Amino acid sequence: MAILLNRVTKSYGSRRVVDDVTTSIDDGSLTVILGPSGSGKSTLLRLIAGLETLDSGTVAIDGQDVTFQDVRDRNIGFCFQHYAPFRHMTVAKNVGFGLKVRKQSRADIDRRVGELLEIVRLSDKANRYPSQLSGGERQRMALARALAIEPRVLLLDEPFGALDAQVRVELRSWLRDFHHRIPVTTIMVTHDQQEAMEVADQLIIMAEGAIQQTGDPRHIYASPSNEFVQGFLGPITNFGGVPVRPHDLEIRGANAPGEHAVVTAIQNFGFEVRVDLRTEHDTSCWVQLSTREAETLSLSVGDAVTVSVRHEPALMI
Amino acid sequence: MKRPTGLRVVVLAYLGVIVALPVGYLIYRAFSKGFSSFMSQVTQPGAVHALVLSLEVAAIAVPLNTIVGVGAALLFARHRFWGHRVLDLCFDIPVAVSPVIIGVALVLAYSKIGWWGSWLATQGISVLFSVTGIVLATTAVSLPYVLRSTLPVLLESGTDQEEAARTLGSGPLRTFWYITLPVIRWGVLYGVVLTLARTLGEFGAVVVVSGNISGLTQTLPIYIYDSWDQNYNAQASFDNALILAAIAVVALVVLGILRSKERNHRGDLA
Amino acid sequence: MALALSDHSSIVTITPPPSRRRRFVVSKIGRIGGISLIATYLSIIVVIPVTALVLHGIGFGISTNGAGPALWRWSWHLSPMVFIHALQLPGAVHAIGLSLWLSLLVAFINCVMGLAIAWVLVRDEFPGKRILDGFIDLPFALPTIVAGVVFVFLYGPASPLHVDLFETWIGLMVALLFVTIPFSVRAVQPVLEHLDRADEEAALTLGAGPVRRYLTVVLPSLAPAALAGFGLAFARAIGEFGSIALISGGVARTTPGSAYVFMLTGSFQWAQAAAVSTALLLLSLVVLITSSVASRRISKRLGS
């Protein structure tokens, strides 16, 4: 285990931001801490880094208790949400800063910085200033800077939060690929469940300072441990008093087995269609259909249909 | 939208009468008797001595207030501690009240008639009618400028860069020197120029504590005052006033440059 | 991958060895040391003198005799009569009153003119505007005694303009208008720069003329800043000495508070000087607090 957190607690004044968190993170894994804003996930990351001091509990990295160790002795790589570039230094100077602190020789620094810029594809921008880079480039520079010191753990705080939608998607797959090549234990914090599902091989879901569930992302999606996790990972609708994923419901003709319902609204999003229904028990629910399914059914408002849970459903409580 | 040119005329006229006219008149009068007359007035032994004393006082007050200002800015920006509001407020008192009152306050605290005076006297320190008093008064009235120009820059820049440096293994001194200082340098320099301008020009507080002993405790502003008030030497007043005015104008130009540097620096990642 | 919670049982809470704690302690000592240094510096330069002034002013005379730290052997004799007596000195009340109404007048005029000047500097466009902008700070950077010398000649008995304001309140006012201009303009200007033009454009689309737009849309958003500027200008005016030292002529009629205090120090009437200073201090405190409270009220009501 690369990182062990034991009963970690942190309060700001009377507010418990991180409440008795105990978990472990596998060596070489890419773990994502997912939670809504204010869930304490960034604070937890900063506690692991040593940027905040914890009130009680212990933090161990690679079997060594680091609870009372200063940030700068922990040898961790930290990428800040807004990248925290050193504005008055060039890209190369930024990346080499940690090595200079470690009193490496000029030649060693230059060589290592060259390698890293190669990896993050910024070799041609070595002498630019952060202000001359795009958001994605700044992000990659921050990553190179954090990696330069060969950290035991790489910590990423909302790494793609400030980027355009398209760049985010690009960087996500780049990060996966990158982690594959350099398998340093990585913890990333995000509030974006799609991002978390795509990137993580371990998922930690947090709310109100406490861990809600940990494990494999697909497993968590399929069997969330509570309603919060279920609702946070994807849309849910209420069918027969039970929360269900709207894509796990099926619409069929009025005579098919299932609950009778009337179509009350149809919204076409292009890649999917949302159909709102009113059931015979006078409850409402909605169903997510693929465009093709919707075309086959050719529904219109007022149609009588039946709705049922798809066979082999991932029904969850 | 249509621009009201009438307002422009009113504003320019007001500024012309209130600001431009006096300044123009100063320059005109200083040189009205020719450049050589100007030179002879500003090289009078009394004037030179006063200027040197002013510079000496500034050489003590400016570094002191710079170190304290930067230190206080760092503390106020990075730590919330008990009583920081009170300390913060104390910095503004000297510029919020009359310099004459600051002078009187210093006399009542440190002169022979004041609280500490007798004790200080036994230590061989005399505050009233002395250079020590002038330094004290000048330092007091130029206290907040570095703090006030540095603090907003520190608050705006946030702690991200410093934290990043710490995660990379940088200690407090290195972090301050390589990360924090480059961020705040224009702000600090701005405050230093303001402090310098204020120290060189301070009159009210200094005239109260100095006792105005010519050739000994006369700074340049007091020399200018004295030239007219005691000796009715208008020309000496004007010519030396022009020296101070020139310093002020240079300071203004430097401040303008620093402001635009600061703006560029801030705009970097905006 | 399943997370085996039993793993955690292997970690026990370890009391950190002293060496690991060292850095925490060092940084804490550094902070406390820094705070104490600054507090000491402020005490010497500001707190002790101002306390001494006010205590003397309200009649807490502290007599010292002989050598040794005076504080240890002081004898208290609180006599508020000192304060009363000082204010009964010929000219004291007049000087304070003159300071008060003159400073209010000057702060008001420059509050209005500051709004106009800021408007022209931000919204108008003409050659030389940037120079004019820098020019606004000149009265702030210019040593006050320089202004004093210029005014006594420009508007004195030998005025080249034949405008003799020597020993008149108008002369004082002109000098005070000069020194307070930067405060009034700079308080408003940044707010005007950041004002959302959309509000005005909305008013424009609703058919509001320039004056109405200014009064109903712009002015209310500038009011808090303008009030703050009023407070600063007032504080500066009531404390101003150098620029009026000469044109006031030293006659009672045109000697405002600060100049009056200076006159008292010239005749070594320190207790009286302390009393008048304390009164002036209270006045500027009241106005500063009032203007900042009013400014905060307004900006709260505007919901910004």
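**Reading salt bridges and interfaces**

Q: Which side chains of chain C meet in a salt bridge at 3.8 Å, N to O?

A: In this predicted model, the side chains of C:Glu125 and C:Lys129 meet in a salt bridge, with 3.8 Å from N to O. Side chains of opposite charge can pair when their charged atoms come close. C:Lys129 counts as buried, because its relative accessibility is 14% and the limit for that class is under 20%.

Q: Which residue forms a salt bridge with C:Asp133, and where in chain C do the two partners lie?

A: The partner of C:Asp133 is C:Arg186, and the closest N and O atoms are 2.9 Å apart. This pair links distant parts of the chain, 53 residues apart: C:Asp133 belongs to helix α4 (residues 129–135) of chain C and C:Arg186 to helix α7 (residues 169–193) of chain C. C:Asp133 counts as partly exposed, at 27% relative accessibility, and C:Arg186 counts as partly exposed at 23%.

Q: Which residues do salt bridges that share partners join into one network?

A: The network consists of A:Asp108, A:Arg111, A:Arg112, A:Glu115 and A:Glu150. Over all chains, a search of the whole structure finds 31 salt bridges. Another pair in chain A is A:Arg172 with A:Glu198, at 3.0 Å from N to O. A:Arg172 lies in helix α6 (residues 165–181) of chain A and A:Glu198 in helix α7 (residues 193–199) of chain A, 26 residues apart. Of these two, A:Arg172 is buried, with a relative accessible area of 6%, whereas A:Glu198 is partly exposed, with 36%.

Q: How many salt bridges does the rule find across the interface of chain C and chain B?

A: The rule finds two salt bridges there. One of them joins B:Arg8 to C:Asp124, whose closest N and O atoms are 2.7 Å apart. Six residue pairs are in polar contact between chain C and chain B.

Q: What does the interface of chain A and chain B bury?

A: Chain A and chain B bury about 2300 Å² between them, of which carbon and sulfur atoms give 61%. In chain A, the residues that lose the most area to chain B are A:Arg72, A:Arg87 and A:His88, together 31% of what that side buries. The count of salt bridges between these chains is one, formed by B:Glu163 and A:Arg46 with the closest N and O atoms 2.4 Å apart.

Q: Which domains divide chain A?

A: Chain A is divided into domain 1 (3–229) and domain 2 (236–309), according to a domain assignment. The C-alpha centres of the two domains lie 41 Å apart. The secondary structure of chain A comes to ten helices and 17 strands, and buried residues make up 53% of its 317 residues.

Methods: Residues numbered from 1 in each chain as written. Chains lettered and ligands numbered in written order. Predicted model: local features only at pLDDT ≥ 70, side-chain atom pairs only at ≥ 80, totals over all residues. Heavy atoms only, no water. Salt bridge = Lys/Arg side-chain N within 4 Å of Asp/Glu carboxyl O. Polar contact = N/O pair within 3.5 Å; in protein donor to acceptor, adjacent residues only side chain to side chain. Buried area = accessible area lost by both parts, 1.4 Å probe. Helix = DSSP H or I, 4+ residues; strand = E, 2+ residues; numbered from the N terminus. Buried < 20%, exposed > 50% of the residue type's maximum accessible area, 1.4 Å probe, protein only.
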